[in-house]
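Hi,

Here is the structure I promised to pass along. Have a look at it first, and then read on for my notes.

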Amino acid sequence: MWQLFHKLGSPKWFFGIANRLMPWLLLGGVALLFAGLIWGLAFAPQDYLQGNSYRIIFIHVPSAFLAQSVYIMMAVAAAVTLVWRMKLADVFVKSVAPVGAVLTFLALFTGAVWGKPTWGTWWIWDARLTSMLILLFLYFGVIALGAAISDEKSSARAVAVLVLVGVVNIPIIKYSVEWWNTLHQPATFKLTEKPSMPAEMWVPLLLSVLGLYLIFGWFACLRMQTEILIRERRTRWVKELVLAGRS
Amino acid sequence: MHPIRKKRLTIVLFLLAGIAVAVGLTTYALRQNINLFYDPSQIAAGDAPLDVRIRAGGMVEEGSVQRDPESLKVEFRVTDFNSSVLVEYTGILPDLFAEGQGVVAMGRLNASGRFVADQVLAKHDENYMPPEVAEALERASAGTHKAGDSGGPETAY
């Protein structure tokens, strides 16, 4: 267990593992996402109230879900950075922050597009929407802070502290619809209860969520590999890898 | 675990706990400002200020919508199944607006307890279902409930 944990800290070891994992992640992700989206957008039944406009859920929910779990993953990595000073954890945080920002933006955007016909407004300052906007700004903050400090070690620590401070926003997003009166509806999916949605709607939704997770995994590996190559460009194994690639 | 790492881990955990408490207390203190709308019980209890722009939210009471045939004026009661408040609004209502649906209205509460709205938004609930299922449920509940029974939130599809 600890051995694997310490191995994970080695960029070279991770680079090799990522190489082997990536085709499977991409293949599985694309297959699941395509299946989920085609099923959801074309074959799932209409909603009794919203008609077809509810179908944006098949994009909105996966991106919102992933936007939050990416942040939680970043927070775990940030804790690892602070406690174990593991370089790879910082590589992860810096590589996935822009991905998380894009997912958050996508969630906000699709929500606005859906909100206009359903609620009657693009935007409202309710607790759910506002806390999600704060998440977007947190991602921007992480990206900006990481880019602003050129020293690798101090940048890693500063970013980790910011990520950890921001993680309190995640339960606020999750429970905002229960703690306060909001325009956003409460969660359709709860861990303890049956989803308030029939299976022919939630199965494609689940497929798209899983698919997006796998694609995120693939993309995170790809971005981390790039970051590792840049950071380790002076080491022997990277030089050998580049030479081997050229010949 | 190495003692230095243990110490760092404790600092990280303290940091998290401290921030969580601080944010928790702040949001608790601001809870009335974070709430998007007052529900009818709060308005009935006098918690909502008069003649200030506020939002009121709840379910549109069954059988309470009255449209003025001459203009776009609409009157309806918004209820949370304890109390209700009379809302008047002039304008186009969102597509999802219907009796038994959730709404959030923005406007002013006047001295006579009427809520004069200048914006009405539809609030969607967390339930999704195909139209056939909704019809079947409707038929089932029409069979078991007496006419005029507005039902609890779970039957108010």
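Let's start with a charge pair in chain B: Glu88(B) and Arg114(B) form a salt bridge, with 2.2 Å between the closest N and O atoms. Glu88(B) belongs to strand β4 (residues 84–90) and Arg114(B) to strand β6, so this pair ties together parts of chain B that are 26 residues apart in sequence. Keep in mind throughout that this is a predicted model.

Arg114(B) has another partner too. Glu75(B) forms a salt bridge with Arg114(B), and here the closest N and O atoms are 3.1 Å apart. Since Glu75(B) sits in strand β3 (residues 73–79) and Arg114(B) in strand β6, the pair ties together parts of chain B that are 39 residues apart in sequence.

How covered are these side chains? Glu88(B) has a relative accessible area of 18%, so it counts as buried, the cut-off being under 20%. Glu75(B) is buried as well, with a relative accessible area of 18%. Arg114(B), at 24% relative accessibility, counts as partly exposed.

Strand β6 turns up again in the next pair. Arg53(B) and Asp118(B) meet through their side chains in a salt bridge of 2.6 Å, N to O. Arg53(B) is in strand β1 (residues 53–60) and Asp118(B) in strand β6 (residues 114–123), so parts of chain B that are 65 residues apart in sequence are tied together.

Now for charges on the surface. Glu200(A) gathers with Glu62(B), Glu99(B), Glu132(B), Glu135(B) and Glu138(B) in a patch of negative charge. Which element gives the largest share of this patch? That is helix α4 (residues 131–144) of chain B, with three residues. Glu132(B) is found in helix α4, and its relative accessible area of 53% makes it exposed.

There is a nonpolar patch on the surface as well. Leu26(A), Val30(A), Phe34(A), Ile38(A), Trp39(A) and Phe43(A) form it, and together they have about 570 Å² of accessible area. Val30(A) lies in helix α2 (residues 11–43) of chain A and counts as partly exposed, at 33% relative accessibility.

Two loop residues are worth a click if you want to see contacts between the chains. Leu36(B) is in the loop between α2 (31–34) and α3 (40–44) of chain B. Is Leu36(B) buried or exposed? Its relative accessible area is 5%, so it is buried. Leaving aside neighbours within four places in sequence, Leu36(B) is in contact with Ile124(A), Trp125(A), Asp126(A), Asn181(A), Thr182(A) and Leu183(A), and with Arg55(B) and Val104(B).

Ser196(A) is buried, with a relative accessible area of 17%. Which residues does Ser196(A) contact, leaving aside its neighbours within four places in sequence? They are Thr188(A), Glu126(B), Asn127(B) and Tyr128(B).

Cheers

Definitions and conventions. Residues are numbered from 1 along each chain as its sequence is written. Chains are lettered from A and ligands numbered from 1 in the order in which they are written. This is a predicted model: local features need pLDDT of at least 70, side-chain atom pairs count only at pLDDT 80 or more; totals for chains, interfaces and linings use all residues. Side-chain values use heavy atoms; hydrogens and water are left out. Patches are made of residues with over 30% relative accessible area and no salt bridge: like charges are joined within 9 Å, nonpolar side chains (Val, Leu, Ile, Met, Phe, Trp, Tyr) within 5 Å. Accessible areas come from the Shrake-Rupley method with a 1.4 Å probe; for residues, only the protein chains shown count as cover. A salt bridge is a side-chain nitrogen of Lys or Arg within 4 Å of a carboxyl oxygen of Asp or Glu. Helices (H or I, at least four residues) and strands (E, at least two) are DSSP runs, numbered from the N terminus. Buried means under 20% relative accessible area, exposed over 50%, partly exposed in between (1.4 Å probe, protein chains only). Contact means heavy atoms within 4.5 Å. Lys and Arg count as positive and Asp and Glu as negative; His and the chain ends are not counted. The place of a charge is taken as NZ of Lys, CZ of Arg, CG of Asp or CD of Glu.
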